[in-house]
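Dear colleague,

My notes on what was found in it follow.

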Amino acid sequence: MFNKIRVMEKYLSEKLIAFYISVFAISESVFNPFPVEFILIPSIVRYPHKYIKYAFLAASMSTIGAIFGYILGYHLEEKIIKSFVDLSEFIPTYERYGALIILIGAITPLPFKLVTVASGVFKINFIYLLIYSFVGRYIRYQIITLLTYYYGSKMINVFQKINNFSTKIKYTILSICLFLGLYFYIFLI
């Protein structure tokens, strides 16, 4: 895992970081299965003084992505979903708790794209989508960037120690297997 973080850091030049965060945040709200944290955490480790800026950027772009997810859900419901599924029993629940569902979906690690598309399907108030998406995503990303700001460099040291320890364990197990294989080959054949 430590090597993957180092490879990711190599591609995170300060000029391109905003672009990467923007693309990941927008696409995560619509279709991307990878969370923004894959870019956000190494970015904060590399440029810790920008943790507030990057959290704000990620939240803003994720909210823009939520708009695309809403539009997608709106058109899916009209053209496809109506013919396959009756959603009428879910409409009162989503109308009543829609804002809370958006906020919870924006803060938790649940796939946010499901919330944005469902908001379009159930035609939730668009202003609620914008406000609660931004607030929830900003809270989420600010917590992550703040923790990375304070503990990121310490965690890299921990990952290095784990990586070194696991390498020693791998070589020890490999040596034992080779020794046992050689032993069985010599004495049992």
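Which residues does Asn 32 touch, not counting residues up to four places away in sequence? They are Phe 24, Ser 27 and Lys 113. Please bear in mind throughout that this is a predicted model. Asn 32 belongs to the loop between helix H2 (14-28) and helix H3 (37-46). With a relative accessible area of 8%, Asn 32 falls under the 20% limit and therefore counts as buried.

Overall architecture

The protein contains seven helices and zero strands, and its elements run α-α-α-α-α-α-α from the N terminus on. Of its 189 residues, 36% count as buried. Among contacts with a separation of 6 or more, 81% are between residues 24 or more positions apart. The protein exposes about 12,000 Å², and carbon and sulfur atoms supply 72% of that area.

Helix H2

Does the length of H2 agree or disagree with what its 15 residues should span? At 1.5 Å a residue the helix should span 21 Å, and its end C-alpha atoms are 21 Å apart, so the two agree. The buried residues of H2 are Ile 17, Ile 21, Ser 22, Ala 25, Ser 27 and Glu 28. Ser 22, in helix H2, has a relative accessibility of 16%, and because the limit for burial is 20%, Ser 22 counts as buried. Neighbours within four places in sequence left aside, Ser 22 is in contact with Leu 57 and Met 61.

Nonpolar cores

In soluble globular proteins, nonpolar side chains tend to be buried together. Here the largest nonpolar core has 16 residues. Those with the most contacts inside this core are Ile 17, Ile 21, Val 36, Leu 40, Tyr 54, Ala 58 and Tyr 141. H2, H3 and H4 are the elements that give two or more residues to this core, and H4 gives the most, with seven residues.

Leaving aside neighbours within four places in sequence, Val 36 is in contact with Ile 21, Phe 24, Ala 25, Glu 28, Ala 58 and Tyr 141. There is also a second, separate core of 13 residues, which includes Tyr 94, Val 115, Val 117 and Val 121.

Aromatic pairs and charges over rings

How many aromatic pairs does the structure hold? The number is 11. Tyr 94 and Phe 122 form one that is stacked, with 4.8 Å centre to centre and 25° between the planes. This pair links distant parts of the chain, its members being 28 residues apart. Tyr 94 lies in helix H5 (residues 91-107), while Phe 122 lies in the loop between helix H6 (112-121) and helix H7 (126-188). Tyr 94 and Phe 122 are both buried.

Tyr 149 and Tyr 150 form an edge-to-face pair, at 5.1 Å centre to centre and 80° between the planes. Tyr 149 and Tyr 150 form one aromatic cluster with Tyr 51.

Two charged side chains were also found over rings. The charged end of Lys 123 sits over the ring of Tyr 74, 4.4 Å from its centre. The charged end of Arg 137 sits over the ring of Phe 112, at 4.3 Å from the ring centre.

Lys 50

Lys 50 is placed in the loop between H3 and helix H4 (51-84). Is Lys 50 buried or exposed? Its relative accessibility is 16%, and because this is under 20%, Lys 50 counts as buried. Neighbours within four places in sequence left aside, Lys 50 is in contact with Glu 14 and Ile 44. Lys 50 and Thr 145 are 95 residues apart in sequence, yet their C-alpha atoms are 9.1 Å apart in space.

With kind regards

How values were computed. Residues are numbered from 1 along each chain as its sequence is written. This is a predicted model: local features need pLDDT of at least 70, side-chain atom pairs count only at pLDDT 80 or more; totals for chains, interfaces and linings use all residues. Side-chain values use heavy atoms; hydrogens and water are left out. Rings of Phe, Tyr and Trp (its six-membered ring) pair if their centres lie within 6.5 Å; planes under 30 degrees apart count as stacked, over 60 as edge-to-face and the rest as tilted. Helices (H or I, at least four residues) and strands (E, at least two) are DSSP runs, numbered from the N terminus. Buried means under 20% relative accessible area, exposed over 50%, partly exposed in between (1.4 Å probe, protein chains only). A charge sits over a ring if NZ of Lys or CZ of Arg is within 6 Å of the ring centre and within 35 degrees of the ring normal. Contact means heavy atoms within 4.5 Å. The expected span of a helix is 1.5 Å times one less than its number of residues. Accessible areas come from the Shrake-Rupley method with a 1.4 Å probe; for residues, only the protein chains shown count as cover. A nonpolar core is a set of buried Ala, Val, Leu, Ile, Met, Phe, Trp, Tyr and Cys residues joined through side-chain atoms within 4.5 Å.
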